[in-house]
Every structure is written in C-alpha cells, then in structure tokens.
Amino acid sequence: MNNQSRGLISRFLDGIEWLGNKLPDPAVLFFMGLILTWCLSSWLSGMTFTETVPGETAPIAVKNLLTLDSFAGFLSKMVKQFTGFHPLGVVLVALLGVGVAEYSGFLNAVLKSLLNITPRLLLTPMLILVAIMSHTAADAGYVLVIPIGGVMFYAAGRHPVAGIAAAFAGVSGGFSANFIASGLDPMLAGITQEGVAILNADRPVNPLCNIFFTAASSLVIILLGWFITDRIIEPRLKATEVDGNPEDMPKMQDLNRREKVAMWLSLASVGVLLALLVAWMVPANSSLRDVRGKLTSMGSREYDLGLKVAPTPQGMVVESVAPDGAAGKAGIAANDLLKSINGLPIANQADYENSFTRMTAKAPVKVVVERDGKAMERTFKPVVKPIAGSRLMEAIVPLIFLMFIVPGLVFGFASGKFQSHRDAVKGMTKAMETMGYYLVLVFFAALFIGAFSESNIGKLLAVKGANFLKQSNMPSWAVVLGIIFLTACANLLVGSASAKWAMLAPIFVPMLMLLGISPEMTQAAYRVGDSTTNIITPMMPYFPLVVVFCQKYVKKSGIGSLTALMLPYSICFLVCWTAFLLIYWAIGIPLGIEAPYTYQPS
C-alpha cells in the first residue's frame, strides 16, 4: 500500500472517529429515541393510513403516547418493562457462571494449554480458533487471547504484531462465529423476539437459531484469517522493527503442576455434566422433552378442527366429527371426502399434517370436502391449544451457567485459588461489576422498544418498507445484502452488538417477515454485518487496548496503524462471509435449531 492510499485511509478513519465521538452515548441515544417516538406518535396519530397487517382487516392506527393516560401507563409499566426485558435475565444468569470460571483461572488455563501444544505451522489457525472460542467467556478474548497472540508469535520467531492482529481478527472480526453457544446467542435472540412480537407475539425464536451457521462460519473465519495473516499481514510487517523494551514484553508463563491437575479435573467435571445431561435427554419420556417428545421445541400451538380423518383409496375421509367441534358446527359430517385445507390439496396423511403448519390463531380455516360427488366449502376457526416448549430449550441459559460454574469451582479449589466459598462469590461479584453499564443501557432500551411497539410505528414502518421493497421487485438476496452492509456501516459508529440490534430489530425483523424472510435469517445477516467492521473502528471499546498491546513491541503503533493493519481482514471478512451466507442460504443448510429461512405472513 503506497503512502497516498495510506493517507486516504487515515483521513477517512479520522473522519469516522470524529463523527463517532460526536454521537451521544448509546444509552442516551435510546432515551432520545424514546422522546422521538413519543413526538412521532402524537404527530402520526392524527393521520389515516391504509396499510394493514396481513391477517387483519383494520388499517394500522398509530397510538398517541403524549397523553396523560398514556403517560400514566408508561410510568406504571416502567419497572416491569425493565425487569421483563428478555435479554436481561439471560445475560446476567450466564455471566454468573462465566465469572466464576474466569476468576478461578480455569478459562485462562484452558486457553494457554491449547496454544502451548500447537505446532508452529498451525500456530495461526489455532490462535484464531482460540480467539473465536473465547467469545464464550465474555471479554476474556480481548484481555487474554490478544496479548497471548503476540507472545506466541514472538516466542516462535514471528512478528508479534501479526499474532496480535490474528487474535484481534478472531476475537472481534469473527465476533459472531463460534463452534459452541455463548451468551451472545440468547442475547440477540431475545432482542429478535422483541422485534417479532411487533407482528406476531406467539411466534417463538430459539436461542440457538443461528448455531449451525455460526459454527460453519468459524471455519470460514479461521481459513480467511490464516491466509490474510500469513500471506498479507506478516509480509508487510517484515520492514517494521520490533523496538519494544524486552523487559516490558509479556512472557508466556507455563502452568504449574497443581494448575495442570486442576485443569484436567475441571475438564473431567465438564465431561461428567455432559454425560449426565445426555443420559437425562435420551429416554423418550424424559422430563426435558415436550409433550410430543421433542427436545428442541420452543413452544407451539395445536389446532383442533374437531374431526378425525382416515386414509382410503379415494383419499382422506372424515372418520368422525365431534358434535361440539368447529368442523361439526360448520356442517362437515362423517364420510365426507377431504379435498383441501386453506388451498392445500389433501391426498394423504402427510398432506393433512402439513396443512396445520399454515394455520394461525387469527385466520379462519377454509376446508373443502366432497359429499355425494359435490364439493362443499366451509370456513371456520379451529380451537387453538398452546403446547409448552421442551424444558431443555427453556434451560439453555441455566445449563450454560452450570457448564462454567462447576469446572470453575473445581479448578479454583483444586489449584488453591479458592480458599472458601467466598472466593466463588467474589468471582460472581466481579462479573456483575462489569455489567453496570449494560444495565443502564438495557433500562433505556427496554423503555424505547416498549414505546416503539405500543405506538404501532414499528408496524407502520414494517408494512410500508415491505410494500416498497415488494414494489421495487428487489430479490430477497438483495434485501439481505442491504441489511448486511447497512449494519456494517452503522457498526463504525455504534460498537455495541446488542445496542445496535435493539435499535434495528424492531424495524428489520417485522419488515422482512412481511417479505417472507424469517427472523432467524434476518438475525444471521445482522451478525455478519455487525462483526466484520469491529476491527477497524476506534468506537470499539477495546480498540485502544489493542493499540497498547501493539506498542509493547512497536513503539510507534497508533490507532491509524492498527486500523490499516486490520483493514484487509475487515474487507475480506465482509465480502467472503456475506457470500458464504448467501451460498449457505441457497443450498438450504439449516441456520440452527428451529430456524427456517422463510416466514409465511398470516
């Protein structure tokens, strides 16, 4: 890269930094969004709109929130909106367990051991792998893996700043890639659920709805990061002298014998927990399953038509009808030949069962039967029976808590770091201390999202946006592409993944639902855009810390030099990861558990 290009990039990033510094804190942005929502609701409430939510006949009406009655409701629901905000409890419970594992030294021991046993040839991919897996431990990757990356490369005779760059790319550039579930999964799914509720409050979002995609993405990030580090970054750094004070450079300290024994005992405890969980899950009558015997169900509804059908050579015949059932009241009788339900031809049992997936609680069912050679159409509403989700899915976050707190306790006491239960409580307390700002952010985010939803502005924007995209005849892939790049640009100014998604989900999720794109697909697109520009924006909270790590080896390192160093990762990740998502979608590989690509508006 020549000096002119470097200067253009530096000036561009200086402009981004200046603009980002002028923006208020994200918590204040949510408060401003709340005030703006109130004002818009008062203005728009006097207007008449013709748009309707699919499945409903009444046009969308914006509710005025600037009335005394609305403000009284706002005050009365404030505490409930805060404590009931879905991501809040999820994050706090998960971090209690992670806090103990981190404070005891268990996570540090595992990460160091993985890097110590890695051959020099595989140093780069292993470092990026560990960096990706460190997402599970909240901010451990930033404060542990990134500096260790420099130490490992320096000890191997390679440029230490290249090791820092590779680790930074894995920790932050591949933020949404992971082989295992982390606190980020339920956090984003919870915010997605809030967006879904704007159109369909009964439609659940599985916390692991992107787990297959993020696991596959890990391989993409590792391979791309490996190539960029070894073929682009390290060759460029050959002319950069390592002039840091050798005494100030961090040293890789080996685990002592007691810590190694403690680590293996801790890993054994994880194995025992997993074995017990599998043994609990396997039986068909396991209490972790739902009433239908499914382990991964997030809850659903059962539609009762009030009739029984049986296969015959002529097709599906009504075997019997409940006298007080919906079908019986509509005039359907025994021995009627079932022809179609909601336009879907019914030729066999599979067709009949598939027809229930097209039903909703609001819309009536159109059933066509044949009686004495004549077709008859009957329209009626089925009886809706809610079915609770499996307890395994409801217990995902507590299971994450157990999978960290148990090995954390074992390591703490076995290594001598913990002398009593009070040390474990200190670990939890330390983890909660880091959540102070998050609690402030959630408070204002919950109030904003609650008001945004109640005003119906979200529905109006979603329907208008969907209508515009439909009229523009943009293909679905182009819509998804636009969301990825819009998110990547927004990420340059607002670094928090949850803060951005809390702002964008109430608009993106329902809008794409109306276009037939599932919330899970929208969330996956957001995660790609959110991750890829983390490593080139000074607005990312840990960016200055990474600069300090670089300065231990190269004194002249600064924000501009780090940004220029990470730019190849950012551009390559954005382009290739986006292409990977589109290919993944085209092939039809599942995004995660209970995560369809499409959504059928009622």
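At what angle do the axes of helix H19 (residues 476–491) and helix H23 (residues 559–587) cross? In this predicted model, they cross at roughly 150° and come within 11 Å. H19 is therefore roughly antiparallel to H23, since angles over 145 degrees count as such. The chain holds 23 helices and 8 strands. Of its 602 residues, 50% are buried. Among contacts between residues at least 6 apart in sequence, 76% join residues at least 24 apart.

**Helix H23 and its partners**

- The crossing of H19 and H23 is right-handed.
- On the H19 side, the contact is made by Ser476, Trp477, Val480, Leu481, Ile484, Phe485 and Ala488. H23 contributes Leu574, Thr578, Leu581, Leu582 and Trp585.
- By class, the contact of H19 with H23 has 10 nonpolar and 2 polar residues, with no charged residues.
- Helix H21 (residues 519–532) also packs with H23, at an angle of about 165° and with the axes 9 Å apart. That angle makes H21 roughly antiparallel to H23.
- H21 and H23 cross in the right-handed sense.
- From H21, the contact draws on Met521, Ala524, Ala525, Val528, Ser531 and Thr532. From H23 come Ser570, Phe573, Leu574, Trp577, Thr578, Leu581 and Trp585.
- The contact of H21 with H23 has 9 nonpolar and 4 polar residues, and again no charged residues.
- Leu574 of H23 takes part in the contact with H19 and in the contact with H21. Thr578, Leu581 and Trp585 are likewise listed for H19 and for H21.

**Helices H6 and H8**

- Two packed helices are described by the angle between their axes and the distance between the axes.
- For helix H6 (residues 123–133) and helix H8 (residues 160–173), the axes come within 7 Å and cross at roughly 40°.
- H6 passes H8 in a right-handed crossing.
- Leu127, Ile128, Ala131 and Ile132 are the H6 residues in this contact. They meet Gly163, Ala166, Ala167, Gly170 and Val171 of H8.
- The class count for H6 with H8 is 7 nonpolar, 2 polar and no charged residues.

**Strand S4 and its neighbors**

- Strand S4 (residues 337–341) has 4 of its 5 residues buried, so the strand is largely enclosed by the rest of the structure.
- Strand S3 (residues 315–321) runs antiparallel to S4, and 2 bridges join them. Methionine 316 stands opposite leucine 338 of S4.
- Strand S6 (residues 365–371) is also antiparallel to S4, joined by 4 bridges. Leucine 337 has glutamate 370 of S6 as its bridge partner.
- Strand S5 (residues 344–345) pairs with S4 in the antiparallel sense over 2 bridges. Isoleucine 341 is bridged to leucine 344 of S5.
- The hairpin of S4 and S5 has 2 residues between the strands. In this hairpin, asparagine 342 takes a positive phi near 55°.

- Is aspartate 336 buried or exposed? Aspartate 336 is buried, at a relative accessible area of 2%, because the cut-off for buried is under 20%.
- Aspartate 336 sits in the loop between helix H12 (326–330) and S4.
- Leaving out residues up to four places away in sequence, aspartate 336 touches Met316, Val317, Val318, Val369, Glu370 and Arg371.
- Asparagine 335 lies in the loop between H12 and S4. Asparagine 335 counts as exposed, at 66% relative accessibility, whereas aspartate 336 is buried.

**Positive phi values**

- Most residues other than glycine have a negative phi.
- Asparagine 335 has a positive phi of about 75°, although it is not a glycine.
- Glutamate 594 is another residue other than glycine with a positive phi, near 50°.
- Glutamate 594 is found in the segment after H23. Its relative accessible area is 34%, so glutamate 594 is partly exposed.

Methods: Residues are numbered from 1 along each chain as its sequence is written. This is a predicted model: local features need pLDDT of at least 70, side-chain atom pairs count only at pLDDT 80 or more; totals for chains, interfaces and linings use all residues. Side-chain values use heavy atoms; hydrogens and water are left out. Buried means under 20% relative accessible area, exposed over 50%, partly exposed in between (1.4 Å probe, protein chains only). Two strands pair if DSSP finds at least two bridges between them. Axes are lines fitted to C-alpha atoms, for helices over the stretch in contact, and angles run from 0 to 180 degrees between N-to-C directions. Angles under 35 degrees count as roughly parallel, over 145 as roughly antiparallel, 65 to 115 as roughly perpendicular and the rest as oblique. A crossing is left-handed if the near helix is turned anticlockwise from the far one by less than a right angle, and right-handed if clockwise. Contact means heavy atoms within 4.5 Å. Ala, Val, Leu, Ile, Met, Phe, Trp, Tyr, Cys and Pro count as nonpolar, Asp, Glu, Lys and Arg as charged, and the others, Gly among them, as polar.
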